[in-house]
Amino acid sequence: MELLRWAFVSRGMFSLFTCCTMRHLLLVALLAVIFSAVFAKGGRRQQRQDVQSDIADDVEEGGEEESDEDEKVDVYAEEKRLRMRIDLCKKKKCYRGEVCRLDNRQQAECVCLHECEPEVDPRYHVCSTKNQTYESECELDRDHCLCKTKQPGCSNARLNKIQLDYFGGCRKLTKCPDDEFEEFPIRMKEWLFLVMKQLASRDELGEYIDLLDKARNDANHTEAVLWKFCDLDSSPQDRQVSRRELQYIVQSLKAWEHCLVPFLSMCDQDSNRKITLTEWGACLGVNSKKISDKCIDIRARAKRH
């Protein structure tokens, strides 16, 4: 789902869309791709580094200098303990802001992350639903764990849950003007088409390349609209896009595109917190006769690539 984020731009960039040449717009989209690709790796990279740091702490040596023989014995014992830990932690499920370790009885347990890698780049900042800025998603998750378990270091002891609202530092979000809201479906379709073009230029579109050709020859970019719906409908694949399945795209774009959330709410015509394929096509202005379920075929293509 993070691919859609590549093609979205801020409100300021909307003016570029309406007044600049297509060549300029594609350059802007390319820069957005580079920006988002680096940003998207931040949370996952931090989690991996936290686990690696935690493991490294377990093997840190101390005390007086030992003989080579004693050192070999210690190394072998340490390696065995680490292998045991890895095996036991594979069976232990930890949640946001947690990492697995072995307790004094050599039992796997989940504990709050000890620390996160410092981030000074504002591109990694995130905003919580309580309008608090964190240096990284890792820091937000760690604070969530500390507050949930009432441990020292929690930023607000009155909170039991800290959730991500959107990527980027907290800011005052502006309301979507009526004229921009009316034009949003057109912009959305253009963005989806740009995503497909970006994938094709990077040779990542694979079996979807004929969908791009069809979308290029259709002013409504119908194939791009259907493709994105199938991409969003991921878990479960039930031909409905839930709020949970939309969560990442909203978190990624909420600060930059103020019309996105009201637009998605409009798409949910029966207000059941799910968007069907028919509702998705209708709110994007696709001819109802061209709306068809192609998800099975699209996913089969993805597996072949």
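Which residues do ring pairs link into a cluster? I found Phe184, Trp191 and Phe263 there, taking rings of Phe, Tyr and Trp (its six-membered ring) as paired if their centres lie within 6.5 Å.

Ground rules first: I am in a predicted model, where local features need pLDDT of at least 70, side-chain atom pairs count only at pLDDT 80 or more, and totals for chains, interfaces and linings use all residues. Residues are numbered from 1 along each chain as its sequence is written, and side-chain values use heavy atoms, with hydrogens and water left out.

**Entry 1, rings.** I counted four aromatic pairs. Phe167 and Tyr248 are edge-to-face (planes over 60 degrees apart; under 30 is stacked, the rest tilted), with 5.8 Å centre to centre and 65° between the planes. Phe167 sits in strand β5 and Tyr248 in helix α9, 81 residues apart. Next I looked up Phe184 and Phe263: their centres are 4.8 Å apart and their planes at 55°, so this pair is tilted. Phe184 belongs to α6 and Phe263 to α10, so the pair ties together parts 79 residues apart in sequence. (Helices are DSSP runs of H or I, at least four residues; strands are runs of E, at least two.)

I listed its buried residues (under 20% relative accessible area, 1.4 Å probe, protein chains only): Leu260, Phe263, Leu264 and Cys267.

Note on methods: Buried < 20%, exposed > 50% of the residue type's maximum accessible area, 1.4 Å probe, protein only.
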